[in-house]
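Subject: Structure handover

Hello,

Here is the structure for you to look through. My notes follow below it.

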Amino acid sequence: MTSQYRRPDVRQEEDLVPWKTILAVALAVVVIFIVLGLWAWMLMRGREAELRPAGKAAERASEISLPRGQVAGVDQRIFRREETGEEGIGTALNRRKHEELSRFGWIDRNRGLVQIPIEDAMNLIVEESR
């Protein structure tokens, strides 16, 4: 079928890939990429010098100036220290609050309001809802 469409006087050109042009464009792209990357790096270094005149990293400067007992800006005294066995401020506060929530007592004797442990109160609420 295709033989009837072939013309002997028309010849196909050789397939030539313009390798020099392709390589020149690829090289130009790489050079532009490198130049723009260096330019961005220089701009960032200049901006960093404006914002940090001492030249120290902000993280490094803050670590040096942290008061004792702080790590990354968090006061470590609130946690329990396992190595010394002492109770931290936060642990003591949590223990006191837990003790307060788990005891009986009067809130207001005149009005007849009492305090019951939180576990008992939750159980009463569950029983009432049934």
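How far apart are glutamate 99 and arginine 95 in helix α3, counted in residues and in helical turns? They are four residues apart in helix α3 (residues 89–101), so about one helical turn separates them. Helices (H or I, at least four residues) and strands (E, at least two) are DSSP runs, numbered from the N terminus.

First, the ground rules. This is a predicted model, in which local features need pLDDT of at least 70 and side-chain atom pairs count only at pLDDT 80 or more, while totals for chains, interfaces and linings use all residues. Residues are numbered from 1 along each chain as its sequence is written, and side-chain values use heavy atoms, with hydrogens and water left out.

**Confidence**

pLDDT is the predictor's confidence in each residue, from 0 to 100. The protein chain has a mean pLDDT of 81, and 72% of its residues reach 70 or more. Among its elements, α1 has the highest mean, 95. Helix α2 (residues 58–65) has the lowest, 56.

**Overall layout**

The protein chain has four helices and four strands. Along the sequence they run α-α-β-β-α-β-β-α. Of the 130 residues, 2% are buried. Buried means under 20% relative accessible area, exposed over 50%, and partly exposed in between (1.4 Å probe, protein chains only). Contact means heavy atoms within 4.5 Å. Among contacts with a separation of 6 or more, residues 24 or more positions apart account for 0%.

The protein chain exposes about 12,600 Å². Carbon and sulfur atoms supply 60% of that area. Accessible areas come from the Shrake-Rupley method with a 1.4 Å probe; for residues, only the protein chains shown count as cover.

**Salt bridges**

Side chains of opposite charge can pair when their charged atoms come close. The cut-off here is a side-chain nitrogen of Lys or Arg within 4 Å of a carboxyl oxygen of Asp or Glu. The structure holds three salt bridges.

- Glutamate 99 and arginine 95: the closest N and O atoms are 3.4 Å apart. Glutamate 99 is partly exposed at 40% relative accessibility. Arginine 95 is partly exposed at 37%.
- Glutamate 50 and arginine 47: the N to O distance is 3.0 Å. Both lie in helix α1, three residues apart, about one turn of the helix. Glutamate 50 is exposed, with a relative accessible area of 57%. Arginine 47 is partly exposed at 47%.
- Aspartate 108 and arginine 111: the closest N and O atoms are 3.7 Å apart. Aspartate 108 is partly exposed at 23% relative accessibility. Arginine 111 counts as exposed at 63%.

Strand β3 (residues 105–108) pairs with strand β4 (residues 113–115) in the antiparallel sense, over three bridges. Two strands pair if DSSP finds at least two bridges between them. Tryptophan 106 stands opposite valine 114 in β4. Four residues lie between the strands of this hairpin, and glycine 112 takes a positive phi near 80 degrees.

Glutamine 115 is in strand β4. Leaving out residues up to four places away in sequence, glutamine 115 touches Glu100, Arg103, Phe104, Gly105 and Ile107.

**A nonpolar surface patch**

Which residues form the nonpolar patch on the surface? Val30, Phe33, Ile34, Leu38, Trp41 and Met42 do, with about 690 Å² of accessible area together. Patches are made of residues with over 30% relative accessible area and no salt bridge; like charges are joined within 9 Å, nonpolar side chains (Val, Leu, Ile, Met, Phe, Trp, Tyr) within 5 Å. Leucine 38 sits in helix α1 (residues 19–51). Leucine 38 is partly exposed, with a relative accessible area of 48%.

Best regards
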